[in-house]
Amino acid sequence: MFWTAHENLSLDALAIAWGIKAAQLSELNPELDREAPVGEGTKLLVYRHDPEHPPQSIGSPNRGKLRNGMPLPEGPGWRLRTHRPRTYGTVNTIRALVDAFEDFGERYPDGPKIRVGELARRTGGRVPRTARTAPAATSTSVTSSTASTTASTAGST
């Protein structure tokens, strides 16, 4: 999965924003100089699907963990936070969300963009209480409880 940098940032800062280690981001993008800033407009590989180790949900949505989480991509009808270490899920969860977001955008082309909040960290775990109890946004938003419901109904492969 590719992502385009929207501003000049260090590889370390981008890794923190995606919730992965700088070494992983560097390994995915060996052409980048780890010491030089990543320029605005640079296309970065932030996730590579490994069929031998696919994303997997283990346990219940509120007490489980996630292995090899897949990040939610950016899209025209939804917005992700700039800092996105908790935008991961299983393949089924991410596909279900993207399909729902795209369907919403087609049905309501003049509607608000969906704001995506917390899904899960790349390795799962509890979402901090402040993320679960944040005040409602003025536009449509997705939080961990929505993602947990989607994860439960979408399957776990």
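Which residues of H3 are buried? Some notes on that and the rest of this predicted model.

1. On the opening question: Val91, Thr93, Ile94, Leu97, Val98 and Phe101 are the buried residues of H3. For the pattern, keep in mind that an α-helix has 3.6 residues a turn, so residues three or four places apart point the same way.

2. Now the largest nonpolar core, which has 15 residues; Trp3 and Leu25 touch the most other members. Two elements give two or more residues to this core, namely helix H1 (11-18) and helix H2 (22-28). H1 supplies the largest share, with four residues.

3. Apart from that core there's another one, made of 13 residues, and its members include Met70, Trp78, Leu80 and Phe101. Phe101 is also on the list of buried residues in H3. As background, nonpolar side chains tend to be buried together in soluble globular proteins.

4. Back to Trp3, whose neighbours are worth a look on screen. Leaving out residues up to four places away in sequence, Trp3 touches Leu14, Trp18, Thr42, Lys43, Leu44, Val46, Glu74 and Arg84.

5. Last one: Ser26, which sits in helix H2. Its relative accessible area is 19%, and buried means under 20%, so Ser26 counts as buried. Setting aside residues up to four places away in sequence, Ser26 touches Leu11 and Arg34.

Note on methods. Residues are numbered from 1 along each chain as its sequence is written. This is a predicted model: local features need pLDDT of at least 70, side-chain atom pairs count only at pLDDT 80 or more; totals for chains, interfaces and linings use all residues. Side-chain values use heavy atoms; hydrogens and water are left out. A nonpolar core is a set of buried Ala, Val, Leu, Ile, Met, Phe, Trp, Tyr and Cys residues joined through side-chain atoms within 4.5 Å. Buried means under 20% relative accessible area, exposed over 50%, partly exposed in between (1.4 Å probe, protein chains only). Contact means heavy atoms within 4.5 Å.
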